[in-house]
Amino acid sequence: MAKSNQIRRIFFAEDNVADVVLVREALERQSLNCELTAYPNAQAAILAAERCGTDGYPVPDLMLVDLNLPWGHGCDVLAAAARNPALNSVRKAVLSSFVGSPSDVEKARRLGATGFIMKPANLEEFLDDVGRQIARLLESSSAASQ
Amino acid sequence: MKSAASASLSNAHAPALRPEKVKILAVDDDRDNLLALQAILEPLQQDLMLAESGTDALRLCLDHDFAAILLDVRMPELDGFETAELIRSRKRSLHTPILFLTAYRSDEQLFRGYDLGAVDFLFKPIVPEVLQSKVNVFVQLSWSELLVRRQAEELARTERTFRAVLEGAPDAMVITSTTGEIQLVNSRTDTMFGHSREALLGTNIRNLIPEWTCPELISGGIAMLRGAPETRLPATRKDGSNFPAEITCSPFGVAEGYLVTTAIRDATTQVEAEERITRINQELEKRVAERTVELTRSNEALRQFAWAASHDLQEPIRTVLSYSQWLSQSITNELDEKQLIMLRFIEQHASRMHQLAGGLQQYIVASEAGQQAWTSVDCNLVLKTVLSTLQENIKESGAVIECDHLPVILSIEVLLVQLFKNLISNGIKYRSSQTPRIHISSLRGEDGWVFSVRDNGLGIEPKYFDYIFGVFKRLHAVDHSGTGIGLAICKAAVERLGGRIWLESAPGSGSVFYFCHPDLAHGEIESDTSNLLR
């Protein structure tokens, strides 16, 4: 109970604003008290990942990264996060419209991604499944950090 | 002596020569003596001619060649010695053996006779056996002489033939010793090299063909020479210019040892033609290589484009789909019938677009020369995975799936999953009014496994058998949820696995899809993947 009241920070590298809105809606359905920060391209996300842990850039509870981003690739963002010690214990997940090529998935896994969420085409599935999976990742992440 | 001579003759050439009678001349002024001689020589069965005087004998010698002349010494007018002298003075009868018949054993006579070229004396009274035997020796001698003459003629003819062949040859022919000293050349050699024939004799063939070597000598003891195969060596003309020559050396034995015939052919045109062919081939190879690079590049570009297109299309269309659903959820109550239909169309087609893009992506995965590894795959487990992903469809349609025990094969698992998933879901999707029944089985064929997926669905007309394997080819209207890419994915996957896909079907009686899959041993993968992944 205390957990859900606590504000959880989610770092979201996603260029499709429509998906950001859908994720927000999904989080709302899960009654999660979240602060979702979306970065619309790879460069913005990399910069943010490098600064996390410094003044004015709090360490998030979860990093969600879309693999297909303009000005770079989701894996570049994961690589930047892997270089930042402040993000060591933060749970990282890939949120993509498709599972991606096997090599991309493998690369993301090596760079520290432990969750893989597929964006469903169906609205209800999106709102329910994605919300539930994010909630689960947040839970396991807080369990890990405690 | 007699027997030895006749034996060697009869052995060698007697059959050819025997029929020819040899002429023998008997000269005696006494007719009785002549008759006696005739009687004695009868058994020799030769052609005996008779002369009663030296003059007659000389006349006969003008027209005939005799193997021997039996000459009586004592005759009126011309006596035997005088006759012999005259016979000897003629060229034709210079060497005709003469036997003198005489009653006197005087040394003077003997000397005179031998002086005149007599080969023998026979003393009267004549002993028939002795005469027969002596004359027979001359008969044999005459045969030998004839034989030798014929052989000489034959030899001359052979020599003429040889010369004709040599001169008529299209090649320059040079006959040399084994050290290369030129003994004989044909006229073609003059024209080819510009040297006169006389100038070449005695010089070394290496002046013409600097790299000339004598054909290999096999086992020195037996001194056998083996003809060298045709080789191409540079040749030098008198003016110092060079040309490529095709050379064949063949040795032959002569009394003094071995000679070598070297046939030389000007290969200039041939070399030019060869060079032209080589040049054309190189040019061709270069062009093929360039074209291949171009094709590889455009293939790669196309692949990337298809991949990006399928992927990038999926993203916006998914958004359209989600939001149209959201919109219809939030405002359903405010819309009239027509507006609802409009919204449903948007949803339907966005959904279909999304499926198409997804299918295209799968197709690219199936056909791409990808990184998926060949491993040992248990087809039973593959089927289990497939059936669990199709769970909803199976439950909803009430389909009955039967599956024989399947083998464990060396394959690419992802592709097998796609294959079975598409074939089974097609069987469910295109069902008839009956409960869908799908049977999966496998059979060990001649060059691999043959898998079959049998359904009791709508069936397909044979004329569409090829059509249905094309990308985005559909036989049914949009309301059947197919994307028209499932079978194209199957075909691409099977082909990448080195197999083939086909079907048996008729409208109303279901379909059986077969695909064969090579049965590779582990060792074969390395060599085979290059083919399969091409």
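1. Chain B meets chain A. In this predicted model, 14 residues of chain B are in contact with 13 residues of chain A. Contact means that the C-beta atoms of two residues, placed from the backbone, lie within 7 Å. On the side of chain B that touches chain A, the elements giving two or more residues are α10 (268-331) and α11 (337-367) of chain B. α10(B) gives the most, with 10 residues. Helices here are DSSP runs (H or I, at least four residues), as are strands (E, at least two), numbered from the N terminus. By type, this side of chain B has three nonpolar, nine polar and two charged residues. Ala, Val, Leu, Ile, Met, Phe, Trp, Tyr, Cys and Pro count as nonpolar; Asp, Glu, Lys and Arg count as charged; the others, Gly among them, count as polar.

2. Residues are numbered from 1 along each chain as its sequence is written, while chains are lettered from A and ligands numbered from 1 in the order in which they are written. As the model is predicted, local features need pLDDT of at least 70 and side-chain atom pairs count only at pLDDT 80 or more, but totals for chains, interfaces and linings use all residues.

3. The sheet. Chain B has an open sheet of five strands, in the order β2-β1-β3-β4-β5, with parallel pairing. Strands pair if DSSP finds at least two bridges between them. β2 (47-51) and β5 (118-123) of chain B are the edge strands, each pairing on one side only. From one strand to the next, the twist averages 20 degrees. Five bridges join β4 (residues 98-102) of chain B to β5(B). B:Leu99 has B:Asp120 as its bridge partner in β5(B).

4. Two helices. α14 (residues 413-429) and α15 (residues 486-496) of chain B pack at about 145 degrees, with axes 9 Å apart. Axes are lines fitted to C-alpha atoms, for helices over the stretch in contact; angles run from 0 to 180 degrees between N-to-C directions. Among the residues that meet are B:Leu419 and B:Leu423 in α14(B), and B:Ile489 and B:Ala493 in α15(B). The contact divides into eight nonpolar, four polar and one charged residue.

5. Confidence. The mean pLDDT of chain B is 83, and 88% of its residues reach 70 or more. pLDDT is the predictor's confidence in each residue, from 0 to 100. pLDDT stays under 50 over residues 219-223 of chain B. Where pLDDT is low, the predicted coordinates should not be read in detail. For the complex, the predictor gives an ipTM of 0.77 and a pTM of 0.48.
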